[in-house]
Amino acid sequence: MDASDSSARLLKIHEHFATLKSTALAKAREVLGEAFNPEDRRARDNLEASVRPAIEQLSKHIGELPSIARLSALSVSIDEASAVLSLLSQISAEAATLAELAVNPALAQRSQLYARVSAWMHEHHYADRGKCPVCIGSLDGACDPVTGDAVSAHLVEGERDREIVAKTVAEWSSHWCGRLLQDLPPSIAKESRGDLPASPAELLRGGLVDELFGTESFRGALSALRADASALVTERIQTLPLFEEPDQQQLPPALGTGTMALQKMVNRTMRALAFAEWRRENADGLNSFLYAVRRGQDGDVDADRAIGRRLSSLLSIIEGVAPLNTAIEHIRRLESARLGYTAKQARIVSCSRAATALRLLVPLGELAQAQVETLRTKLHNRSEYWRRAMYRNATSFAPDLVGTGMDARGMLELQVGRDGVTAPAQHVFNASALRGALLGFFLAFREHVLATRGGLSLLVLDDPQELLDNDNRERFARGLARVAETGAQLFVTTHDRKFARSLVAENRADDRIEHLSVHPVNAVRPTLTVAPAIEEVDRKRQEFHANPDSALDAQNYASDLRVFLETRLGDLFDDIVHPAYAAPTKALTLIPLMDKLRGLVSSGTGELFINPVVKRFAEDAALREGAEPRRVLNQSHHNKAAISYMDVKAVEADFARLRTEIEKVHEQFRLHRWREPLLSAESGATVARLPSIAKPAFSVPIYPDIAAFVGQLHEGESQDVAVDRLDGEWFEGKALFYVRGDTLGFAIPGGAVAIVDAEPYAGRDQNMVIARHKSQVLARRLVTSRGAIGVSLAAQMPDPRILRPTLTFDESKLRLHRIVGAIFTDMPPPVGAGEATPINSVPELDHVAVAYRVREGSAIPLALPGQIILGGAELTIVDLDRWENRVVAVTLGDGTSILKRVGARLPGGLGYLRQFETIGGLGSSIVIATEATDGVDVALTMVSARKVIGVLYD
């Protein structure tokens, strides 16, 4: 193994044995022909793998080949053959009777009449054969007026042929088709369904050539035997007696086309019977044929051509090379062991080098840990300083940041606590508090890096206000102003206009902020562009007013207004609103944009460009050719320094109007992008808004304690009291939809009422929504993803066996209304279709008695922590039977309270116990005693219960 040439030596030995094996297998070419190449390793391997399975196939499984099995199954006894011929004779006889009737319609009608009368007599056991069963008169001498024969004779014939005559030809044919399948011997009945080949010889040839050489073992190297085997089979078939086609039994032509299926089945039956008789009569010849093809008759000139003898010759050759195969396998295992040995040696060398390096690195880790501990202590106070500057807890009992830990790998651990109890921040803090703590540490660490190593003063923040409430967003804006005071250069992007204004206001006094709007690439703008925000334009206008005769302030005002107008006009030509015909290489300026806008308005292209607000702006006189405001704006682009204070003063009113009008136009654009209906110029109202419901008249307390929610408490029984109230004002701008199915899962089951915002919105991932598409109304969960085309609406069925497909729509053809609550109602379903139907009111809103703000997770998925549950009347023990399968809030004898679904009473003598089930599968079901029972000790007893009639999400 250690020798440097061990690999080459093993390869040489392997090639030696492979050469010997090729030489030995060359004899197989005498059997398989020149097509077999013993030098081809794949051909050799296939031959070795195929010979034994092929011998077993030929000797033990030849009868399983479909054609051979089909011929073998065609075996009938003499008695069975007689029975088949008897059935065919009966068919011929009945067919003759029907044909006679078909030729003489009048006779057929009378025969059918007497057959039906005879059938009636048979069914009702009519015994008096001498009287007419219709008129009760004597039949003596009575003759049929059509045939002239005696009526009594007709009745006798009718009784004999009533089952035949009473049927139509098609019914008779169908009856016999079924009867043949039932009464024929199984092998004959099977063949009556399909056509046999021209002769039994075709079955023999198909089985011994096509099907045998189609098996797995004969497909590879052994396929070379097929040509000679086919010739041998053909030669041996010539020694078998010829098959004679049976005479066909033709049904009378008078029966028409209604007997075609029966005729085909009769012909197939006769051929199958002929095949079976040929097989029985030539059994000895068949056996000799099969023996000659499979094994070969000793003494025959073609005995060595038998398939079995050729396979036996190949097996002897293969067994002769078996020792060579063993030697080659040993060489392969030696090479595998050599490779493993070499790999282990290389690993030992690598581990030795790693151990040497680790002896030098271990002390460095201890030093790094000591440095990290020093840095942690140093950063903690500054982390808390910046956290308090950016974020404030909502309550006095919320945990504070008490420790900042970091290990040598740089893993940060924030510890929070109160009153001596600490825990990792990620397990205790909510998302907004955790963000505040992380921001504090980040800013403290940044201070440390700048002080010790220097670096860039630039900070890039993208939507940093996310997860913060309104108060903390304003505090965060003030905190970022403190960061700017330390010399940091902040680059903040946000979609929140209110937060942007707060950030600008906090930094405006020191004149260290620039407020810009961002405009994306589109059909007329090849690069991303920034422009003054509307607040910046207004500020420049105020400076213009505050500094009379200041040409610089006038120039800045005109220049910023021009850029403001250009960028907002450029937004209108977004490729979704107006597809680009050619991508420009240079952004269009104000005048070309106005010309483009006028062209689209005049041609009436698209919903946006026929809106009255957009048309009014396109026709504004201040931007027409030759107008003074247009000249001043154009000059601010080409020669800003040439503009005087009086130039701007003269067009001040036009500038103010253009600023207002372009903002209205841009509002129409935003509505169009959000797939909202555009506003009319007159009313400014959104036409797609749903009619709001009448505000209910209740005003109830919102309890933070579920025990107080469930029932009336005596003073001192609960430490939590209601500090908020809920009234009908909450339902301002809300609409109602009756949910018909279970597409919203456990959250809003079928038969409940969904509360939605009357105003449509753009949609947000995972929101439950009511979606309107043409006349269709869907109740689904909204699913969106970055870069996806359209929005998808998924059904969340509570039963996984019932599936509803997810539907995808173009946003422009869909109106989405966010579901903000649910009412669990007993009202009958309203008239309508679809997954949800709009309604004007729900009776349960007149019976709201109390509300509870959820704190625990037992109501999931019906309600999440922070959401409000609406309670109805208190429930008695009798009421629980009528409230089964619905949600209740229950207070127990041990002082705890739960939210559960009412289950069934326990059977028998345990009727005082009732099961209360989980909501949606979370938590566990429990059994509670709903009434006191003498002498029985129960763990949980119900004290009071209250209906849960709804939940408000916002």
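## Exercises on a predicted model

The second largest pocket holds about 380 Å³ of space. Before we dig in: this is a predicted model, where local features need pLDDT of at least 70 and side-chain atom pairs count only at pLDDT 80 or more, while totals for chains, interfaces and linings use all residues. Residues are numbered from 1 along each chain as its sequence is written, and side-chain values use heavy atoms, with hydrogens and water left out.

**Exercise 1.** Describe what lines the second largest pocket.

*Solution.* Start with the term: on a 1 Å grid over the protein atoms alone, a pocket is an open set of points with protein on both sides within 12 Å along at least five of seven lines, and lining residues have an atom within 4 Å of a point. The volume is the space filled by probe spheres set on the points, which are joined across faces, edges and corners.

Next, count the lining: 19 residues, with Met768, Arg781, Leu864, Gln867 and Tyr953 nearest the centre. Finally, sort them: 11 are nonpolar, 5 polar and 3 charged.

**Exercise 2.** Work out whether Asp879 and Arg882 are buried or exposed, and how they pair up.

*Solution.* A salt bridge puts a side-chain nitrogen of Lys or Arg within 4 Å of a carboxyl oxygen of Asp or Glu. Asp879 and Arg882 form one, with their closest N and O atoms 2.4 Å apart. The two residues sit 3 residues apart in helix α29 (residues 877-882), so about one helical turn separates them.

Now for accessibility: buried means under 20% relative accessible area, exposed over 50%, and partly exposed in between (1.4 Å probe, protein chains only). Asp879 is buried because its value is 17%, whereas Arg882 reaches 57%, so that residue is exposed.

**Exercise 3.** Find which helices the Arg501–Glu535 pair links.

*Solution.* First, the contact: the side chains of Arg501 and Glu535 meet in a salt bridge at 2.5 Å, N to O. The pair links distant parts of the chain, as Arg501 is in helix α20 (residues 497-508) and Glu535 in helix α21 (residues 534-546), 34 residues apart. These helices are DSSP runs (H or I, at least four residues), numbered from the N terminus.

Technical notes
1 Å grid on protein atoms, 1.4 Å probe; cavity = no way out; pocket = protein on both sides within 12 Å on 5 of 7 lines; lining within 4 Å. Nonpolar A, V, L, I, M, F, W, Y, C, P; charged D, E, K, R; others polar.
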